[in-house]
Amino acid sequence: MWRLLQQSLEGTSHRRSATPCQDSCAGTATCPGQESFLVVACADGAGSAGLSQEGSALACRRFVEVACEALEREGPEAVRDPERMRGWYGQVRRALEEEAARREVPVRELSCTLLTAVVGENASVFAQVGDGAIVVREGGGYVPVFWPQVGEYANTTWFVTSPDMEQVLQVASREPVDEVALFTDGLQMMALHFASRSVHRPFFEPLFAALRGAAHPEDLVVPLRSFLDSPAVNERTDDDKTLVLAVREGRAPAGCRG
């Protein structure tokens, strides 16, 4: 089974301006058959979009729904072809377009990044549009699956609602992993070394160790929120922050769902 811990917290700049948190995350561990899967997503709503918090929440929720539906139908085959991920992102985009039509607003008002992972026991697939990053354990260290997508100008990136979403969408298949983290750009300056394009290992090791050692992952929700709102973090970033952490415990019994 998987141990999963995830939180989104408003940044200090949002708190001062009474702006809602525009980050979101969603995830589940599921066993549709003989194999267990981790399905997780996080998103950062565009600061210039009026409904970005609704967009990020919908994008995460819809991706998890779409991926789990495919796993229920197809099992491991849904993970072996990375092109499936492109289709799932297309369904997320359609959900945002439908929501924009329902609200009678341009779809850009729901703009958000989207980072996702689907990890099985024999294969895994990852995808990303926008900044933030996905980190996995590889050997004795940690590596980024993709590097944050940054636009030509400062504080610019791409979104699921961008006209060229299909061109900028990054998809990658990997061997199965046992530790995975997803985070939005509010944490990337602490979690990554930009000069060497590498992962800051001391940021992740204590977090994964705490998750593995906890009697119940839910006991770590309050400590994680305290960490994300600590002076050490807030001195480095005033943006919203989302962190998703997952560790694999072992093979799950058939038919379980957690």
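Good morning, colleagues. Please note at the outset that the model is predicted.

I begin with the sheet. Five strands form an open sheet in the order S1-S12-S9-S6-S7, and their pairing is antiparallel. At the edges stand strand S1, residues 2–9, and strand S7, residues 141–144; each has a single partner strand, so one side of each is left without a neighbour in the sheet. On average, neighbouring strands here are turned by 15° against each other, direction ignored.

Let us look at one pairing in detail. Strand S6, residues 133–138, and strand S9, residues 179–183, run antiparallel and are joined by four bridges. Within this pairing, alanine 133 stands opposite phenylalanine 183 in S9.

Two helices deserve attention next. Helix H7, residues 201–213, lies across S1, S6, S7, S9 and strand S12, and runs at about 55° to S12. Helix H8, residues 221–228, lies across S1 and S12, at about 40° to S1.

In soluble globular proteins, nonpolar side chains tend to be buried together. In this model, the largest nonpolar core has 36 residues, and among those with the most contacts inside it are Val39, Phe63, Trp88 and Tyr89. Elements giving two or more residues to this core include strand S3, helix H4 and strand S4. Which element gives the largest share of this core? That element is H2, with ten residues. A second, separate core has 26 residues, including Val199, Leu228, Leu245 and Val247.

Leaving aside residues up to four places away in sequence, tyrosine 89 touches, among others, Phe63, Leu114, Ala127 and Met165.

Finally, the aromatic residues. The whole structure contains nine aromatic pairs. Why is the pair of tyrosine 142 and phenylalanine 208 stacked? Their ring centres are 5.5 Å apart and their planes stand at 10°, so the pair counts as stacked. This pair links distant parts of the chain, with tyrosine 142 in strand S7 and phenylalanine 208 in helix H7, 66 residues apart. Both residues, tyrosine 142 and phenylalanine 208, are buried.

By contrast, the rings of phenylalanine 203 and phenylalanine 204 have centres 5.0 Å apart and planes at 80°, so that pair is edge-to-face. Phenylalanine 203 and phenylalanine 204 are buried as well.

Notes: Residues numbered from 1 in each chain as written. Predicted model: local features only at pLDDT ≥ 70, side-chain atom pairs only at ≥ 80, totals over all residues. Heavy atoms only, no water. Pairing = 2+ DSSP bridges. Axes fitted to C-alpha atoms, helices over the stretch in contact; angles between N-to-C directions. Contact = heavy atoms within 4.5 Å. Core = buried A, V, L, I, M, F, W, Y, C linked by side-chain atoms within 4.5 Å. Buried < 20%, exposed > 50% of the residue type's maximum accessible area, 1.4 Å probe, protein only. Phe/Tyr/Trp six-rings, centres within 6.5 Å; stacked < 30°, edge-to-face > 60°.
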